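Subject: Structure handover

Hi,

Here is the structure for you to look at. My notes on it follow below.

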Amino acid sequence: MIDVSHKWNSSFKPLILGFIAAVILTIFSYLASSMLLIATLAVIECVVLLVTFLGLGLEAKPRWNLLAFFFMLAVTIILIGGSVWIMNHLNYNMMPMDMQMHKQMKGSL
Amino acid sequence: MFAAFFAAYAVLKDGVNSGPSGKDLFNLPYALIETFVLLFAALTSGIGSIFVHRRKRKRAITFFLITALLGLGFLSMEWIELSDWIQRGYSWKFSAFLSTFFTIIGTHAFHVFFAILWVFVFLIPLFFRQITDTDIRRLSCLRMFWQFIFIVWVCIFNIVYLIGAL
């Protein structure tokens, strides 16, 4: 549950900070030309926005929201990383089409 | 849910069915403008919610209405962009890349649509009475929903548009 009485909810500072950071980081990643750089900037921008816009990690001590977020992050990483990993290896292990046909023809002879 | 869609996109990005890839279709300056429209929507929803907390009724209504308007602007920009692709024959049926692309964009647009709807649903009572504690909670949730939509869009803009166009 969100804690609506937290002072973060009614102050302009985090909002404006997050807005300026988002503008700068968006323009940087727009101008960036390498995949690694864009991905890094995306991660930085997401973390900055999660803290400034959504107030993640700013709650009082038993930080259930933060814990839930890290669990979500672990699932996400396993899901995306695993899919990309498996599918790339499938492509790698796949026989080229003509070679496969060649083998089948040989088998039928 | 979005994680699964991003995984599908990353895997199927190069399955273009010898048609256009992201490099040929994406109009990056246009997507950049869409990003800023949505960013301003997230900002105004934040400002609106702060005014709800300070129990400034008229200002809160004004800023949430601006949010809804910017959201509508964002949706119509996407509509124009994607209907142009479909008219050129590149709809979600054309290739695996376009299927995953339209799934991500469609789901995101669906969220934006309901966020706009919510603005109106939550604002209507405020025209008639003062702000109550329930309103504060509702509109704080709405603000988080808008800002979450923008965070998802940041991932879409960076991963789908920018990396897809490399």
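Buried here means under 20% relative accessible area. Keep in mind that this is a predicted model.

By that cut-off, helix 6 of chain B is mostly covered, with 22 of its 31 residues buried. The helix runs over residues 133–163. From first C-alpha to last, helix 6 of chain B reaches 44 Å, close to the 45 Å expected at 1.5 Å a residue.

Next, the cysteines. A disulfide needs two cysteine sulfur atoms within 2.5 Å. The count over all chains is zero. Look at A:Cys46 and B:Cys155. The closest cysteine sulfur to that of A:Cys46 is in B:Cys155, 3.5 Å away, so the pair is too far apart for a bond. Seen from B:Cys155, the closest cysteine sulfur is in A:Cys46. A:Cys46 is also buried, at 12% relative accessible area.

On the chain A side, the contact residues include A:Phe12, A:Phe19 and A:Tyr30. On the chain B side, they include B:Leu28, B:Phe40, B:Gly46 and B:Phe51.

Best wishes

Technical notes: Residues numbered from 1 in each chain as written. Chains lettered and ligands numbered in written order. Predicted model: local features only at pLDDT ≥ 70, side-chain atom pairs only at ≥ 80, totals over all residues. Heavy atoms only, no water. Buried < 20%, exposed > 50% of the residue type's maximum accessible area, 1.4 Å probe, protein only. Helix = DSSP H or I, 4+ residues; strand = E, 2+ residues; numbered from the N terminus. Expected span 1.5 Å × (residues − 1). Contact = heavy atoms within 4.5 Å.
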